[in-house]
Structure formats: C-alpha cells, structure tokens
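Visitor: I would like to learn how to read a protein model, feature by feature. Could you walk me through one?
Guide: Gladly; let us look at it together.

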Amino acid sequence: MLLLEVIRWGNDAAHPLTGGPDGPDTCFLVQAHSVESAAALVDRQLSLVPHTRVAPHAAAVYLLGNAAASETKEQIVRGPYLQPAYRYGWRHWYRLAPEEPWRERVDD
C-alpha cells in the first residue's frame, strides 16, 4: 500500500491573493494501491466541493512512501488541506485533464 499526496492546483477561495489557481494548493494524503486509484478517490471528493475558480480534478501525485498501517483499505487519510505543494525529490506524476493518463516525470 502506497502513501501519496494528491494535489489540485490552487483552491476555490474568492480572496484575490490566497484563492484561485495561484493560491495554496488543495492537498489530500491518500493510502492506495496505485497513483490512478488515489487520484480517483480524490477526484470523487473534489466533485463535492466548490470548483468555480480551479479545476475540479487532481493534477499531481507525489509518492511519499509505503503506508505502515495494517489497514489495507484505500482511503483518504487527511484532507482536503490547503498548502503550497512542494515536491521534496519524491517520484511524481502529472496530468492536465481527468481523461489523460498519469505520466511520471523524471527530471532534475
């Protein structure tokens, strides 16, 4: 079981400095078997929250490690929480639209 951070760029707050696509990102900590299943869990959750100023789907997934819990159920462990998403050298996947496949980026 993997431990992943799934990210939607920005947030739907109306504040001109802290909301919208350039504001802190909407993040979820997810326990799942794959990038695709983690994103699907988050996409379902994001469909229930406002998204007039930002995309209604996850755009990035960062692999944090393996879940140490004995629980094998795929689930959102924490979120949504707002913070600037920062990749600390972890493996990472991106997509521009929900119908696109997840693509791992290998850079730096």
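Guide: We begin with a term we will need: a residue is called buried when its relative accessible area is under 20%, and exposed when that value is over 50%. Please keep in mind that this is a predicted model.

Visitor: Thanks. Which elements does the protein chain contain, and how do they run from the N terminus on?
Guide: The chain has 1 helix and 6 strands. Read from the N terminus, the order is β-β-α-β-β-β-β.

Visitor: Which residues of β2 point one way, and which the other way?
Guide: The general idea comes first: in a regular strand, side chains alternate between the two faces of the sheet. In β2, D25, C27, L29 and Q31 point one way, while T26, F28, V30 and A32 point the other way. Residues on both sides of β2 are buried. The count is 8 of the 8 residues, so β2 is largely enclosed by the rest of the structure.

Visitor: Which strands pair with β2, and in which sense?
Guide: Strand β1, residues 2-8, pairs with β2 in the antiparallel sense over 7 bridges. Look for I7, which stands opposite C27 in β2. Strand β4, residues 75-83, is joined to β2 by 6 bridges, and these two strands also run antiparallel. For an example there, find D25, whose bridge partner in β4 is Q83.

Visitor: What lies 3.1 Å from a polar atom of the Q31 side chain?
Guide: That is the backbone oxygen of K73. If you list contacts and leave out residues up to four places away in sequence, Q31 touches M1, L2, L41, A67, A69, E71, T72, K73, E74, Q75 and V77.

Visitor: Now to charges. How many salt bridges does the structure hold?
Guide: As a general idea, side chains of opposite charge can pair when their charged atoms come close. This structure holds 2 salt bridges. In one of them R95 pairs with D43, with the closest N and O atoms 2.4 Å apart. R95 lies in the loop between β5 (92-94) and β6 (103-105) and D43 in helix α1 (residues 35-46), so the pair ties together parts that are 52 residues apart in sequence. Both R95 and D43 are buried.

Visitor: And which side chains meet in a salt bridge at 2.7 Å, N to O?
Guide: Those are the side chains of R91 and E104. This pair links distant parts of the chain, 13 residues apart: R91 is in the loop between β4 and β5, and E104 is in strand β6. R91 is partly exposed, with a relative accessible area of 46%. E104 is partly exposed too, at 35%.

Visitor: How would I read the overall shape? What radius of gyration does the chain have?
Guide: The chain has 13 Å, which agrees with the value near 13 Å that a compact globule of 108 residues would have. Along the principal axes, the C-alpha atoms fill a box of roughly 40 × 35 × 25 Å. Buried residues make up 41% of the 108.

Visitor: What about contacts and surface?
Guide: Among contacts with a separation of 6 or more, 73% are between residues 24 or more positions apart. The accessible surface comes to about 6300 Å², and 55% of that belongs to carbon and sulfur atoms.

Conventions
Residues numbered from 1 in each chain as written. Predicted model: local features only at pLDDT ≥ 70, side-chain atom pairs only at ≥ 80, totals over all residues. Heavy atoms only, no water. Polar contact = N/O pair within 3.5 Å; in protein donor to acceptor, adjacent residues only side chain to side chain. Contact = heavy atoms within 4.5 Å. Buried < 20%, exposed > 50% of the residue type's maximum accessible area, 1.4 Å probe, protein only. Helix = DSSP H or I, 4+ residues; strand = E, 2+ residues; numbered from the N terminus. Pairing = 2+ DSSP bridges. Rg over C-alpha atoms; globule rule 2.2 N^0.38 Å. Areas by Shrake-Rupley, 256 points an atom, 1.4 Å probe, with all protein chains shown as cover. Salt bridge = Lys/Arg side-chain N within 4 Å of Asp/Glu carboxyl O.
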